[in-house]
Amino acid sequence: MAGLVRRVHYLAGFSCPVAGLAAGKPRVLRPGAEIVLSTGRELVHVYDPEGRQLTAVYRFPAQVWHLEVLALRRALYVLCARKGIYCLSLDQASRSVSQSDGDNEDGEPLSPVIPVDPDTCVLADATLCAFTVLDDVLITLAQGPAQWKVQLFECPCPGEEPRPRGLIGEVELSTYTPPAGSPGKPKAPHFLPVLCCVSPPGSRALHSRPQGPRGFTLEGALFGLLFGVDASLLESPVILCGLPDGQLCCVVLKTLVTSRLAPGDPKALVKILHHLEEPVIFIGALRTEPLAEDLEEAYSDCLVALGHRGRTLAIKASWDEAGNLVPELREYCLPGPVLCAACGGDGRVYHSTPSSLCVVDLARGGAPWDAEQPDAPAGLPSLLCPASLNVCSVVALAVTPRVSEGHTELLALSARGRLLTCSLDLSSETPQPPRVTAANSGRKIKDLLCGIGTVSERVSSLKKAVDQRNRALTCLNEAMNVSCALLSSREGPRPISCTVTTAWSRQELQDVLTATCLLENSSGFSLARGWALCLQVLPSSPASHLDSAGSAVTYTIPVDQLGPGGRREVTLLLGPGEDGVLSLPVTVSCALFLSLREVVGGALAPSDSFKDSSLDGCPPDVLPEQGGICLPLSEHTVDMLQGLRFPGLAAPPAQAPELFRPPGDPVNTFLESCCRPGGEPAGPEFLRAKYLPPSVAAIRVSAELLRAALGDSGSGVSLCCATLQWLLAENATVHVVRARALSSVEGVAPDGTDLRLVVREVAVTDLCPAGPIQAVEVQVESSSLANMCRAHHAVVGRLQRMVMQQAARDSSPPDLRMQYLHQIQANHETLLREVQALRDRLCTEDEASSCATAERLLQVYQQLRSPSLLLL
C-alpha cells in the first residue's frame with residue numbers, strides 16, 4: 001500500500017497468563033480522553049493516555065465477555081460470563097475507591113481497585129452471550145437449549161433503579177446444534193456471537209446514541225436494499241447478529257417492539273442476510289466513496305463481515321446493466337485465523353492474525369464518477385491485497401476517533417498484555433523523519449527496544465510451534481510406516497511380534513502362574529513417544545457361572561524408544577487370584593496402541609502469542625482421551641495343558657518346591673476326620689479315588705494324520721511319545737518329557753488335583769472296509785470332572801487346528817463305512833436327547849431322587865466325551 005507510514009508507541013502493560021491472552025474476550029475502547037479495556041478476565045481498566053497511568057480498576061464477579069461505554073452518560077455496561085449485565089458510572093472511581101496494599105494478586109501495578117456492587121447488575125441472566133445499548137433500549141442475545149434469542153429491555157441509567165423496567169420484545173433466531181454439555185445447561189460457546197445496530201440516516205437513534213463499534217449508520221440506498229422498504233419507511237434501526245455457525249441475521253427493531261401488541265409469525269421478523277459457513281468475528285461498516293460537496297454528513301456505504309478463517313463479506317449498493325439499484329455482494333478470502341478486526345476511515349479494514357496486523361483497502365481506488373449518473377456508486381474491488389503493519393498477536397483492536405484527515409490511529413492490545421497505539425499516515429507522500437532532539441530520543445529508544453522484544457517473542461513462538469509440528473509429523477510418519485508394515489504382513493512372520501510363554505513361579509509363599517510377553521521389533525522402524533503395548537487378560541467364567549463372561553483386565557505399558565532389533569519383556573500374573581482360584585483357559589491379547597493426544601496434542605495446542613479462541617478448550621473435543629491407533633499383534637490362549645505341573649518329573653524331591661494347595665474345603669476336612677487312626681490313609685486324594693472313580697475322556701486320531709502333521713519333529717521317537725511332546729509343547733517342563741521319551745505322564749492341575757495324560761496306539765476295525773486303521777488314542781483322567789473337561793477341551797482344540805491345517809493340503813481320507821458312521825451319529829443324538837431330559841428332570845425332582853439322575857447324567861457326559869469317531 002503506497003505511502004503507508006506507521007509509528008508504534010507503547011503505552012502500558014497488563015498482567016496476562018503464561019500462554020498469553022486468548023482472542024475473542026479482550027476488549028479495548030476509547031470513547032473519549034480515557035481508554036477502557038478488559039483483558040478477558042475479571043478486571044476492567046480505565047487508563048489515562050495523557051498522564052500514562054491507570055485511573056481505576058473495576059473488579060467484576062466473573063470473566064468479562066463484552067463491554068460498552070456511553071460517553072455522554074459516562075456509563076459503563078459490562079457483560080460477565082454466566083452472571084448478567086452490570087451498569088455503573090465511570091465517575092464512581094472518584095467517590096468509592098478502595099486502595100490496595102501494594103501489588104494486587106493479578107500482578108497489576110498499584111492502582112485504585114473498585115469492587116463492583118452486586119446491586120449494579122441490571123439484568124441477571126446466565127444465558128447471555130452478547131448485548132448492545134441503543135438509546136434507552138438494552139438489546140441482548142441469549143443462548144437457549146437449541147436456539148438463539150434476541151430480547152429487548154428498557155434500560156435504566158446509572159444511579160436509577162438497577163433492574164430493567166420490563167421486556168419490550170423478543171424473537172428466536174434459527175436453531176443450532178448445541179455443543180456437548182449437561183442437559184438443560186448449554187455449554188459456553190468457543191466463539192461469542194456478534195451483536196450490533198444499523199441505523200438509517202433519518203433515525204432518531206442517531207442523536208441519542210454515540211456511534212461506535214457496535215452501532216453505525218448506512219446510506220439510505222444500501223439500508224433499503226438490505227433490510228427492505230418497511231424498515232426504511234419506519235426509519236427503524238436494525239439489529240444485526242453474527243452467529244458462531246456463520247449465519248448473518250437481522251431483525252427490524254420497531255417491528256420487534258410492535259410484535260408484542262399484534263402477535264404474528266415470529267419467523268417473519270427474522271431475515272438471514274448471508275451465511276459465512278464459519279464463526280462470525282466482526283461486523284462493521286465504512287465509506288468507500290468520497291464525500292460529495294453538497295453533503296455535510298458522511299454515512300457508511302459498505303457493510304463488512306469477517307469470519308474466523310478469513311472469509312470476508314462486503315455488501316454495497318450498485319447499478320446493474322438495466323439501470324436498477326441492486327446490492328453488490330462480494331466474498332474475499334483473507335489470511336486467517338482472524339483474531340479481531342476494526343473499520344477505519346478512507347475505506348480500510350484492519351484485521352489481526354497470529355502472525356501480523358494487516359490492512360486492506362475497499363475504497364473505489366480513484367475511479368471516475370459516472371457522467372450520466374453522478375450519484376452512482378462505484379463497484380467493489382475484485383481482489384483484496386492485505387498489507388502488513390508488522391505488529392503481531394493483537395487480540396483487541398479499536399480505531400481512535402477524531403483524528404486529522406489522512407491519518408489513522410489504532411488502539412491495540414497484544415497477547416502479551418501490552419497496550420499499543422499504531423499511528424498510520426495514509427497520505428501518498430512519505431513525510432520526512434522529524435529531527436531527533438534530546439526530549440524524544442529516550443522515547444524512540446524505548447520504542448525500538450519494544451519492537452525488538454516483539455520480534456524476538458514472535459521468532460521464539462514460531463520456532464517453538466514449528467519444532468512441535470515437526471516432531472508430531474515425524475511421529476505420525478513413523479506410525480503410518482508401522483501400520484502399513486503390520487497390515488500388509490497378515491500371512492507369514494510379522495515385522496513386529498509379541499509372543500507369550502507361561503511358567504510357574506513362587507511368590508509370597510505360594511505358587512503362581514505367570515505369562516511373559518516378549519515384544520520384538522524386527523522391522524526397520526522405531527517405536528518412539530506415544531506407543532504403548534496393551535495386554536488384555538480375559539479369564540474364563542467360573543463353572544458356577546457358565547452363562548456369564550469373565551471380566552477382562554487391560555495393562556498398558558509405555559514403549560520407550562524401541563528401535564529396530566529391540567526387545568521388550570513384560571511379565572503378568574495370571575493367577576491364582578485373591579480367592580485362591582485360577583480359572584483356565586485365560587486369553588491374553590496383545591496390541592500396539594498409539595496415543596494421538598500424546599503425539600500431536602502439543603502441536604495442536606495454541607502456543608503463547610498465537611493462542612486462538614477457536615482452540616481454547618478444543619483439543620479435548622478434537623482428540624478424545626482414548627483416541628488413537630490400535631494395531632492387534634497376537635492372541636494367545638493359556639489352557640489346562642500349559643497350566644499343568646509335573647512334580648514327579650522334577651529333579652530330586654528335596655529340591656522340588658512345595659506345590660500350592662488351596663485352602664482346605666469343608667468336605668475334605670469332614671472326610672478326613674471320619675477316618676480312624678491307624679486305618680487307611682485319610683488324604684482327600686485317597687478318599688476321591690476310593691469313593692469317586694476318576695473321570696475319563698478320550699479322543700482318537702489317525703496315525704497317518706499325526707505323522708504328516710508332526711513331520712521331522714517326531715523322528716527318533718515313537719509316535720505316542722512325539723504326540724505327547726506335541727501336546728505339551730507350550731508347557732514349561734516339556735524338555736523333561738522330551739528327554740525321557742514318555743508316552744504317559746501324571747501332573748497336577750492348578751487347584752492341586754491330579755490329572756493324567758495317556759497316549760497309546762490302537763487299531764480301529766469297524767470303520768474302513770479295507771481293514772483296520774492305525775490310530776492314536778489320547779486319554780485324559782482326573783478325579784476332578786471340571787479339570788478333566790478343561791484338559792480334554794485343550795486337547796480337542798489342538799487337534800482341530802491340526803486337522804484344519806492338514807485339510808488345506810488337500811489330503812484325501814480312505815473309504816469309510818457310511819452306515820457305521822450314521823449309526824454312531826444316531827447314538828450321539830440319542831445321548832444328547834437323554835442329556836436334555838435328565839437336566840429337565842433335575843429341575844423338578846427332590847433331593848433324594850436327584851442323586852441317581854445326576855449320576856446317570858455324568859455317565860452320559862462321559863460317553864459323549866469318549867466317542868467312537870476317528871479324526872482322519
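**Ground rules.** I am working with a predicted model, where local features need pLDDT of at least 70, side-chain atom pairs count only at pLDDT 80 or more, and totals for chains, interfaces and linings use all residues. I count residues from 1 along each chain as its sequence is written, and side-chain values use heavy atoms, with hydrogens and water left out.

**The chain.** I looked up the elements and got 16 helices and 43 strands; these are DSSP runs numbered from the N terminus, with helices being H or I of at least four residues and strands E of at least two. Of the 872 residues, 46% are buried (buried is under 20% relative accessible area, exposed over 50%, partly exposed in between, with a 1.4 Å probe and protein chains only). Then I checked contacts, meaning heavy atoms within 4.5 Å. Among those with a separation of 6 or more, 63% join residues 24 or more positions apart.

**Cores.** Next I went for nonpolar cores, which are sets of buried Ala, Val, Leu, Ile, Met, Phe, Trp, Tyr and Cys residues joined through side-chain atoms within 4.5 Å. The largest has 69 residues, and Leu519, Trp531, Leu592, Leu633, Leu728 and Leu757 have the most contacts inside it. Helix α14 (residues 785-807) gives this core its largest share, six residues. Another core lies apart from it, with 42 residues, including Leu70 and Phe131. I noted a general point here: in soluble globular proteins, nonpolar side chains tend to be buried together.

I followed up Trp531. Leaving aside neighbours within four places in sequence, Trp531 is in contact with Ala479, Val482, Pro558, Val559, Leu592, Phe593, Leu594 and Leu631.

**Helix α11.** Which residues of α11 (residues 703-710) are buried? I found Ala703, Leu705, Leu706 and Leu710. Seen down the helix axis, they fall within an arc of 160°, so they line one face of α11 (the arc is that of the directions from the axis to the C-beta atoms). They pack against β39 (695-702), α12 (719-727), β42 (773-782), α14 and β43 (870-871).

**Two buried residues.** Pro156 is in the loop between β14 (147-154) and β15 (167-175), yet Pro156 is buried, at 4% relative accessible area. Its C-alpha atom is 7.8 Å from that of Val122, 34 residues apart along the chain. Thr853, in helix α16 (residues 847-864), is buried with a relative accessible area of 4%. Beyond its neighbours within four places in sequence, Thr853 is in contact with Leu838, Arg841, Leu842 and Glu845.

As background, most residues other than glycine have a negative phi, and most peptide bonds are trans. I found a cis bond from Gly336 to Pro337, with omega near -5°; Pro337 lies in the loop between β24 (325-333) and β25 (340-343). The bond from Gly575 to Pro576 is also cis, with omega near 0°.

Arg82 has a positive phi, near 60°, and sits in the loop between β7 (75-80) and β8 (84-89). Arg82 counts as partly exposed, at 28% relative accessibility. Glu277 has a positive phi too, about 65°, but counts as exposed at 56%.
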